[in-house]
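Student: Could you take me on a close look at a single part of this protein? I would like to follow one residue and see what surrounds it.

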Amino acid sequence: MNIFIAKMSSSTTGEDLQALFGEHGNVASAKVVMDRETGNSKCFGFVEMEDETEGLNAINALNETEFQGRTIVVKKARPREEGERNTMRPRRAFHRYNSNH
């Protein structure tokens with residue numbers, strides 16, 4: 001079961017999430033999403049729990065609780081729809097300028 005965590009501290013690591021969710025079951029993976037340009041945390045991440053019941057228990061136990069000084073939001077991740085773009089990042093137009101024009 002994939003779980004989405006938002007509004008977490010910018011200092012939270014994947015290891016922190018692994019430990020937090022590990023209190024509620026077996027964690028297959030835990031990842032904090034980082035900004036490609038700055039290398040800073042985007043203050044959200046994903047945890048994959050091996051068992052769906054353990055994942056639901058973790059969501060119920062951890063949603064809207066304080067973790068590392070922030071009230072976190074924990075919910076079941078929804079799969080990205082086909083063709084869905086990442087709306088968090090604006091599209092950039094690149095223009096090639098030719099000095100001969």
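Tutor: Leaving out neighbours within four places in sequence, threonine 12 is in contact (heavy atoms within 4.5 Å) with Leu17, Val32, Phe67 and Gln68. This is a predicted model in which local features need pLDDT of at least 70 and side-chain atom pairs count only at pLDDT 80 or more, while totals for chains, interfaces and linings use all residues. Residues are numbered from 1 along each chain as its sequence is written, and side-chain values use heavy atoms, with hydrogens and water left out.

Threonine 12 sits in the loop between β1 and α1; helices (H or I, at least four residues) and strands (E, at least two) are DSSP runs, numbered from the N terminus. Threonine 12 counts as buried because its relative accessibility is 3%, where buried means under 20% relative accessible area, exposed over 50% and partly exposed in between (1.4 Å probe, protein chains only). With Gln68 there is also a polar contact, side chain to side chain, at 2.5 Å. Such a contact is a pair of N or O atoms within 3.5 Å; within protein, one must be able to donate a hydrogen and the other to accept it, and residues adjacent in sequence count only if both atoms are side-chain atoms.

Leu17, one of the contacts of threonine 12, is among the buried residues of α1, along with Gly14, Leu20 and Phe21. These lie on the same side of α1, because they cover an arc of only 125 degrees around the axis, taken from the directions from the helix axis to the C-beta atoms. They pack against β1, β2, β3, α2, β4 (66–67) and β6 (73–76).
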